[in-house]
Amino acid sequence: MLSITFLLLCVKHFIADLYLQALYIKPSRKWIYLDPKAHRHALHHAILSAVVFLLCWGWWWLAVVMLVVDYVTHWHIDWAKTCIARRLGWVEATHPRGYWFLQTTDQIIHFVIYFGMVWCAVQYV
């Protein structure tokens, strides 16, 4: 169940981070801590993570815990990345190396969080 859960979290990430964000979130102001579009984006991730855990593990409480974990972590990771990029002026057009370094770091952190979520599910269920 570990591998399937992690695989589905990866698939849900691409759906929420690319497809849903392009449809419903752009443009956003993720550097603003309480920006509604940024929170909607984090909520997309959280709801889909809850669905993955509910389908794979069948525990409502676990799905709710993972919903909260994904919501809070995704929101803060994206907020921090955007604040750093703005402060350093790292936009794709003028500073592509810095911009893509931040994008890559952002994605790595998200996937490490997913690994941690699955690890916690295994430890506590």
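Q: Are K12 and D70 buried or exposed?
A: In this predicted model, K12 forms a salt bridge with D70, and their closest N and O atoms are 2.8 Å apart. A residue is called buried when its relative accessible area is under 20%. By that cut-off, both K12 and D70 are buried.

Q: How many residues apart in sequence are the parts that K12 and D70 tie together?
A: The salt bridge between K12 and D70 has its closest N and O atoms at 2.8 Å. K12 belongs to helix α1 whereas D70 belongs to helix α3, so the pair ties together parts of the chain whose separation in sequence is 58 residues.

Q: Which residue forms a salt bridge with K30, and where does that partner lie?
A: The closest N and O atoms of this pair are 3.3 Å apart, and the partner of K30 is D78. The pair links distant parts of the chain, 48 residues apart, with K30 placed in the loop between α1 and α2. Both K30 and D78 are buried. The partner asked for is therefore D78, which lies in helix α3.

Q: Is D35 buried or exposed?
A: The side chains of D35 and R29 meet in a salt bridge, with 3.4 Å from N to O. R29 is partly exposed, because its relative accessible area is 42%, and this value falls between the cut-offs of 20% and 50%. D35, in contrast, has a relative accessible area of 3%, so D35 is buried.

Q: How many salt bridges does the count come to?
A: Side chains of opposite charge can pair when their charged atoms come close. The rule used here asks for a side-chain nitrogen of Lys or Arg within 4 Å of a carboxyl oxygen of Asp or Glu. Among the pairs that meet it are K12 with D70, R29 with D35 and K30 with D78. By this rule, the count of salt bridges comes to four.

Q: What kind of aromatic pair do Y71 and W75 form?
A: The structure holds seven aromatic pairs, and in the one formed by Y71 and W75 the centres are 5.9 Å apart, with 50 degrees between the planes. Planes under 30 degrees apart count as stacked and those over 60 as edge-to-face, so an angle between these limits gives the remaining class. The pair of Y71 and W75 is tilted.

Q: What kind of aromatic pair do Y99 and W100 form?
A: Y99 is partly exposed, with a relative accessible area of 22%, and W100 is partly exposed too, with a relative accessible area of 44%. The ring centres of Y99 and W100 are 4.9 Å apart, and there are 85 degrees between the planes. Because planes over 60 degrees apart count as edge-to-face, the pair of Y99 and W100 is edge-to-face.

Q: Which residues form one aromatic cluster?
A: Y71 and W75, the tilted pair in which the centres are 5.9 Å apart, are among the members of this cluster. The cluster consists of Y33, Y71, W75 and W79.

Q: Which residue lies over the face of W31?
A: A charge sits over a ring if NZ of Lys or CZ of Arg is within 6 Å of the ring centre and within 35 degrees of the ring normal. At 3.8 Å from the ring centre of W31, the residue over its face is R86.

Q: Which helix gives the most to the nonpolar patch?
A: The patch on the surface is formed by W59, W61, V65, F115, W119, Y124 and V125, which together have about 800 Å² of accessible area. W59 has its place in the loop between α2 and α3, and W59 is partly exposed at a relative accessible area of 43%. Helices α3 and α4 each supply at least two residues of the patch. With three residues, the helix that gives the most is α4.

Note on methods: Residues are numbered from 1 along each chain as its sequence is written. This is a predicted model: local features need pLDDT of at least 70, side-chain atom pairs count only at pLDDT 80 or more; totals for chains, interfaces and linings use all residues. Side-chain values use heavy atoms; hydrogens and water are left out. Patches are made of residues with over 30% relative accessible area and no salt bridge: like charges are joined within 9 Å, nonpolar side chains (Val, Leu, Ile, Met, Phe, Trp, Tyr) within 5 Å. Accessible areas come from the Shrake-Rupley method with a 1.4 Å probe; for residues, only the protein chains shown count as cover. Helices (H or I, at least four residues) and strands (E, at least two) are DSSP runs, numbered from the N terminus. Buried means under 20% relative accessible area, exposed over 50%, partly exposed in between (1.4 Å probe, protein chains only). Rings of Phe, Tyr and Trp (its six-membered ring) pair if their centres lie within 6.5 Å; planes under 30 degrees apart count as stacked, over 60 as edge-to-face and the rest as tilted.
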